[in-house]
There are 2 protein chains.
Amino acid sequence: MSLIIPTYQDIRETHTRIRGLIHRTPVLSSSGINTIAGSTLYFKCENFQKTGAFKYRGATNAVSLLTEPEASKGVATHSSGNHAAALACASQIRNIPCYIAMPRTAPKNKISAVRSYGGIITFCNPTLRDREETLERILSITDASFVHPYDNFNVICGQATAAKELLEDHPDTEALFVPVGGGGILSGSAVSAKSLNDKIKVYGCEPANADDAYRSLKKGRIIPSVNPVTIADGLLTSLSELTFEIIRNHVEEILTVSEHDIVTAMKIIWERMKIIIEPSAAVAFAAVLNNPRLVHGIKAGVILTGGNTDLLNLPFAQT
Amino acid sequence: MSLIIPTYQDIRETHTRIRGLIHRTPVLSSSGINTIAGSTLYFKCENFQKTGAFKYRGATNAVSLLTEPEASKGVATHSSGNHAAALACASQIRNIPCYIAMPRTAPKNKISAVRSYGGIITFCNPTLRDREETLERILSITDASFVHPYDNFNVICGQATAAKELLEDHPDTEALFVPVGGGGILSGSAVSAKSLNDKIKVYGCEPANADDAYRSLKKGRIIPSVNPVTIADGLLTSLSELTFEIIRNHVEEILTVSEHDIVTAMKIIWERMKIIIEPSAAVAFAAVLNNPRLVHGIKAGVILTGGNTDLLNLPFAQT
């Protein structure tokens, strides 16, 4: 099977297509955090993106590219998190149906987010197999287009626009730190960064408790995580063939961080920057703090991937 | 006694003086919140100001205006909150001593904030009388300059620059909602707003549990709060002669809100805007939500006064 890898030209065309549909999110800095990190950090605030996460970029790109006959049948996916809300919101704006196979154990706030955007939820058991079978049934009944959360060319092109914007705003960026779950935002960011300036170092940042990307890059083949448990609930998924292929070619290294590192990094961002990020979004900053040798004295971009967290169940008391 | 009221010329000169010392904080909007409020709201994000609150504007203005002989002796104040941290930080930057009389019951995070800026703390009992007596002793020993948190011309001129920036960024603003405790930010905002456009309506927003401004405006004379208890811990103080005089002349009305209103408003801002504000900062937005008749269909500014809140003790579970 030959994989079709997004080029920078694809990403540029994507950005032109979705620019009016997304927020160009701000890039924030904090002198206090720069002092802590010993470097100049540019935080790309995708927690301020529509639906509260970068996922909206990929979802709205995929929805935009549907033909009218395809669109009329709607889109579908299986997800318990930000991709589901993003796809539902993008579909609502195009006024097409969006079907979501969602584990019945999904957090209430995620369920209500999807419903608030008009998503049509089918509950299933919280296993990958049941999610996939439920999705298959939905697809066979509706003939909707499946929009995979990351193993999808158009989704990766959309996610890639976040790093493109960051590097347009700060062309002096020397390194880029990006969380990795299934690899959509990391692979997209890597293509954007290396295309704009092949000297930029790109690091994938992963919870040690869900370190399939780390292990897959070491072994040179995909080794999925099996039932990973981490507070970074957006990073439970494993690389696909497509994201693995891009990451092995364009990413320097995968940096892993502990659960404690994630909560500490999240708390520093909340306290110093006064912005709300979810645990998954703290993983890249945690990797920066863990690896001073990689950032000392340089200018580094950090992608804050999202801000959807349950305010009634914050992890700070546990630190 | 004749009071010297700041003019817009004073505020303009202040802004020129402190512009390089403060952050020009962003003005954010949220389409979701606009839908909830039935109006277009411009949120001035002083939670992103240095030291996490608008108080830095007034403090740094007062510190800037000290002569060299005055500066060498330092500054002093009594405060358990954001003014103390702001004055300590502004003093640290000018490299002068800053003495704070602080109740021994002050929250640990406030104490450590003041210390992190090099503030010299003298602990006292948590009564106004003991705070004032402790301050008197500090002043008699050090000959430092007392910088009152709000009953101070230069402090009011500094606080006034926040509304000035908001109205420069959004000259179409038709109404302005500002929290009121001692009245520094409200009186400064009112002078800025009415000078730029005398049609702008200015509303003071106050916890019903600490409603001295509401009662004082009704009666036409200052009626201080006695031991008020509210989650909005930045708004416990009462108007001074100076702030009362400005507010009675330039503010349309004081709007009061319940403790429940404050927490609800705070939660909406956290969830929708993904930014951290403290309870006191939610009071103006709570008043907007309580008074749809005042904002329906118009463009209104809301000052988010600060973002210093104890992340280990959030109020959301109580709603």
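Reader: How many salt bridges does the rule find across the interface of chain B and chain A?
Author: The rule finds 0 there; a salt bridge requires a side-chain nitrogen of Lys or Arg within 4 Å of a carboxyl oxygen of Asp or Glu. This is a predicted model, in which local features need pLDDT of at least 70 and side-chain atom pairs count only at pLDDT 80 or more, while totals for chains, interfaces and linings use all residues. Residues are numbered from 1 along each chain as its sequence is written, chains are lettered from A and ligands numbered from 1 in the order in which they are written, and side-chain values use heavy atoms, with hydrogens and water left out.

Reader: What area is buried between the two chains?
Author: About 1400 Å² is buried between chain B and chain A, with carbon and sulfur atoms giving 75% of it. Buried area is the accessible area (1.4 Å probe) lost by two parts on being put together, summed over both. Of the area that chain B buries against chain A, 44% is supplied by Lys274(B), Ile276(B) and Leu311(B), more than by any other three residues.

Reader: How many residues are in contact?
Author: In chain B, 17 residues are in contact with 17 residues of chain A, where contact means heavy atoms within 4.5 Å.

Reader: Turning to the whole structure, how many salt bridges are there over all chains?
Author: The search finds 28. One of them joins the side chains of Glu68(A) and Arg94(A), at 2.9 Å from N to O. This pair links distant parts of the chain, 26 residues apart: Glu68(A) lies in helix H4 (residues 68-73) of chain A and Arg94(A) in helix H5 (residues 82-94) of chain A. Helices (H or I, at least four residues) and strands (E, at least two) are DSSP runs, numbered from the N terminus.

Reader: What is the strand order of the sheet in chain A?
Author: Its 4 strands form an open sheet in the order S5-S4-S3-S6, with parallel pairing; two strands pair if DSSP finds at least two bridges between them. The edge strands, S5 and S6 (145-146) of chain A, each pair on one side only. Strand S3 (residues 75-78) of chain A is joined to S6(A) by 2 bridges, and Ala76(A) has Phe146(A) as its bridge partner.

Reader: And which strands stand at the edges in chain B?
Author: The open sheet there has 6 strands in the order S1-S2-S10-S7-S8-S9, with mixed pairing. Strands S1 (27-28) and S9 (253-257) of chain B stand at the edges with a single partner strand each, so one side of each has no neighbour in the sheet.
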